[in-house]
Amino acid sequence: QVQLVESGGGMVQPGGSLRLSCAASGSIDFYSMNWYRQAPGKQREFVAGITSTGTTNYAGSVKDRFTIFRDNAENTVYLQMNSLKPEDAATYYCKGKRDGCIGCSDYWGQGTQVTVSS
């Protein structure tokens, strides 16, 4: 029943940067948080994740360009996107899941749109 709200999307030129935010309605201290993206006509794909203990994981396509980090005091997870490419254009979704809870549901935000165009 945690609500997640993404923000920070917008229009950038190739090579530009954007920082996405995922604000939760409650504590995310014990949650793994992940970013996914979905472009029109394509399947949703994993972008980056961070566990409750701070371990990060990235899709190969964004590694060394994107950084995921969290501010638990603000119940917020961020995705810093640098050196953006046209293929990064998509709607970006935040997902949270309680660590160690096998049967727990995933929580999803509504998404924020990122456009990369000259």
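A residue counts as buried when its relative accessible area is under 20%, as exposed when the area is over 50%, and as partly exposed in between, with a 1.4 Å probe and protein chains only. By this definition D106 is partly exposed, with a relative accessible area of 33%. The structure is a predicted model, in which local features need pLDDT of at least 70 and side-chain atom pairs count only at pLDDT 80 or more, whereas totals for chains, interfaces and linings use all residues. Residues are numbered from 1 along each chain as its sequence is written, and side-chain values use heavy atoms, with hydrogens and water left out.

**The open sheet**

- Strands of a sheet pair through backbone hydrogen bonds, either parallel or antiparallel.
- Strands here are DSSP runs (E, at least two residues), numbered from the N terminus, and two strands pair if DSSP finds at least two bridges between them.
- An open sheet contains 4 strands in the order β1-β3-β8-β7, and the pairing is antiparallel.
- Strands β1 (4-7) and β7 (66-71) lie at the edges and have a single partner strand each, so one side of each is left without a neighbour in the sheet.
- Neighbouring strands of this sheet are turned by 15 degrees against each other on average, direction ignored; the axes are lines fitted to C-alpha atoms, and angles run from 0 to 180 degrees between N-to-C directions.
- Strand β7 is joined by 6 bridges to the antiparallel strand β8 (residues 76-81).
- The bridge partner of F69 in β8 is Y78.

- Side chains of opposite charge can pair when their charged atoms come close.
- A salt bridge is counted when a side-chain nitrogen of Lys or Arg is within 4 Å of a carboxyl oxygen of Asp or Glu, and the count comes to 4 salt bridges.
- R37 forms one with E45, with the closest N and O atoms 2.7 Å apart.
- R37 counts as buried because its relative accessibility is 5%, while E45 is partly exposed at 31%.
- R37 also forms a salt bridge with D88, where the closest N and O atoms are 2.9 Å apart.
- This pair links distant parts of the chain: D88 is in the loop between β8 and β9 (90-98), and R37 is in strand β4 (residues 31-38), 51 residues apart.
- Both D88 and R37 are buried.

- The side chains of K97 and D106 form a salt bridge, at 3.8 Å from N to O.
- K97 is partly exposed, with a relative accessible area of 27%.
- Salt bridges that share partners join R37, E45, R65 and D88 into one network.
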